[in-house]
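Biologist: I would like to learn how to read strands and helices in a model such as this one, and I would be glad if you could take me through it step by step.

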Amino acid sequence: MRVLDWTQKYLQEKGISGARLESELLLSQILELDRVGLYLNYDMALSSNELSRLRGFIQRRIKGEPLQYITEHQEFWSIPFKVGPQVLIPRPETEILVEEALRVIELERWDEPRIVEVGTGCGAIAISIAKSVPSARVMATELSWEAIALARENATTQDVSSRIFFVRGDLLSFGKAGKTGRWNLIISNPPYIKRGDIGSLQREIRDFEPREAIDGGIDGLDFYRRFFVDAPPCLGKEGWLILEIGADQGEDVLQMMEQLGGFKERRIVSDYSGKSRAIIAQKAGQ
Ligand SMILES: C[S@@+](CC[C@H](N)C(=O)[O-])C[C@H]1O[C@@H](n2cnc3c(N)ncnc32)[C@H](O)[C@@H]1O
């Protein structure tokens with residue numbers, strides 16, 4: 001398919017790394033074929049409408065828009081998610097949070113684990129847990145209505161909408177009922193980039209991903225400060241907290257936890273590249 005070679009070359013010239021794969025994914029989206037299908041239909045010619053859509057996609061991509069916003073697709077935990085500019089694109093590193101959650105759920109043998117995910121975005125974490133644990137009941141909170149609408153759509157597609165309750169709200173400020181210490185596990189990938197560092201991020205993130213999904217305040221730690229105070233009253237006896245952190249935030253976050261109290265079994269979890277990626281802790285007894 002000449003158009004594939006041409007697209008690859010053009011993206012390469014414009015400095016897009018992984019240009020072959022990106023060309024294949026853009027074309028797959030337009031032709032509604034998977035990548036294998038593309039090669040099986042290698043001699044297929046594009047209609048003028050398909051060509052003009054491809055040109056539109058390429059223009060968006062070379063302006064820095066992430067591929068996933070153009071194809072409206074990102075896989076997470078081997079589940080296809082619809083994504084768009086109203087949500088952060090879920091990252092593979094975040095899967096470690098789901099792994100830790102499943103480990104804790106198995107360890108604690110809760111009959112019907114009651115889980116809160118804060119800042120659900122497209123619903124990746126909440127939906128992955130709900131699919132992996134059929135007895136789980138999940139409340140997914142989010143500040144953005146647009147994100148909630150998309151997460152709901154993903155939950156419906158994945159057939160877990162009856163077990164995920166979406167709530168619009170600020171962090172753990174959901175209604176009084178939520179504050180009765182009934183939750184077994186609170187999990188979140190909160191915004192944690194230092195505000196002053198946002199300007200030097202790659203343009204795909206800086207100019208396209210929602211600012212409220214990445215801005216963690218002056219020192220990047222605003223959300224942890226709030227979590228360590230707000231989470232204990234929401235958690236049941238010996239409930240767990242799992243939070244994603246930036247690679248260089250582990251020690252600061254552990255220290256903050258120690259100072260504020262309320263948690264035991266505090267531990268940093270590293271990802272597969274050996275970088276600190278999450279903290280996990282258990283609510284301390286009274
Ligand atoms: C880093 S993104 C994580 C999205 C998704 N959970 C993931 O891991 O891909 C953080 C999310 O938290 C949401 N958020 C930011 N501030 C919030 C707040 N105060 N309360 C609830 N959600 C918030 C953002 O809108 C964004 O969707």
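Modeller: Let us begin with pairing: two strands count as a pair if DSSP finds at least two bridges between them. Please keep in mind that this is a predicted model. Here strand β4, residues 137-142, is joined to β5 by 5 bridges, and the two run parallel. Within this part of the sheet, alanine 140 stands opposite phenylalanine 166 of β5.

Biologist: In what order do the strands of the open sheet lie?

Modeller: The sheet is open and has 7 strands, in the order β5-β4-β3-β6-β7-β9-β8, and its pairing is mixed. At its edges are β5 (164-168) and β8 (263-270), each of which pairs on one side only. From one strand to the next, the twist averages 15°.

Biologist: Which strands does α10 touch where it packs on the sheet?

Modeller: Helix α10 touches β3 (114-118), β6 (183-188), β7 (235-244) and β9 (276-283), and its direction makes about 155° with that of β7.

Biologist: How should I describe a helix that packs against another helix?

Modeller: Two packed helices are described by the angle between their axes and by the distance between those axes. In this model, α10 (residues 222-234) packs with α11 (residues 250-260) at an angle of about 35°, their axes being 10 Å apart, and the crossing is right-handed.

Biologist: Which residues meet where α10 and α11 come into contact?

Modeller: From α10 come Tyr224, Arg225, Phe228 and Val229, which meet Val253, Met256, Met257 and Leu260 of α11. Sorted by class, this contact has 7 nonpolar residues, 1 charged residue and no polar ones.

Notes
Residues numbered from 1 in each chain as written. Predicted model: local features only at pLDDT ≥ 70, side-chain atom pairs only at ≥ 80, totals over all residues. Axes fitted to C-alpha atoms, helices over the stretch in contact; angles between N-to-C directions. Helix = DSSP H or I, 4+ residues; strand = E, 2+ residues; numbered from the N terminus. Left-handed = near helix turned anticlockwise from the far one by under 90°. Contact = placed C-beta atoms within 7 Å. Nonpolar A, V, L, I, M, F, W, Y, C, P; charged D, E, K, R; others polar.
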